Amino acid sequence: GSFFSQYAATRGSYVHLAIHYFNQSQLDEASLDPVVMPYFLAYKKFLVETGFAVQESEKRLHSEELGFAGTPDLIGKFSDGRHAVIDAKTSVYYPWHEAQVSAYKLLIGDVGLSKFGLYLTKDGNYKLVEMRLREAKDVFLAALKIVSFKEAHQ
């Protein structure tokens, strides 16, 4: 029902805030809600195990040319040197996540950028999924086109 989806969305927002404040070195970890804590610990585990260095956290970007804006969760570099944009989720993987992360990559404008979904779980673990669907960018651009057409011809 809608209560549970609203609850999940709220939980996801709080997890994102905790991650962002942590990335800014402004988080009092003792203040975290017990519901948020395992997801946050999963994020810290991800950082330790992958050596990911966050360069930008929740950076608002926009493209005048493409006519949209977005806020990627994480932009940074893995210990192996790969640059990546990462979207953190407290849900399971859905294919539309690939279109969302492709949109962020378009905004960043770095063709060599890898794309990932970071799926944080309530048991304190994570799954890092590389976003490789070739059509994801085209799907996003098509959706953008439909929205702008509808707005122009209401």
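Residues are described here as buried when their relative accessible area is under 20%, as exposed when it is over 50%, and as partly exposed in between, with a 1.4 Å probe and protein chains only. The structure is a predicted model, in which local features need pLDDT of at least 70 and side-chain atom pairs count only at pLDDT 80 or more, while totals for chains, interfaces and linings use all residues. Residues are numbered from 1 along each chain as its sequence is written, and side-chain values use heavy atoms, with hydrogens and water left out.

The protein chain contains four helices and seven strands, assigned as DSSP runs (helices H or I, at least four residues; strands E, at least two) and numbered from the N terminus; along the sequence these elements follow the pattern α-α-β-β-β-β-β-α-β-β-α.

Helix α1 comprises the 22 residues 2–23, which at 1.5 Å a residue should span 32 Å, in agreement with the 31 Å that separates its end C-alpha atoms; the expected span is 1.5 Å times one less than the number of residues. Within α1 the buried residues are R11, G12, V15, A18, I19 and H20, and their cover includes α2 (37–50), β1 (53–57), β4 (74–77), β5 (83–89) and β6 (114–120). Just after α1, S25 adopts a positive phi of about 55 degrees.

For the protein chain as a whole, buried residues make up 37% of the 154 residues, and the C-alpha trace spans about 50 × 45 × 25 Å along its principal axes. Of the contacts (heavy atoms within 4.5 Å) with a separation of 6 or more, 57% are accounted for by residues 24 or more positions apart.
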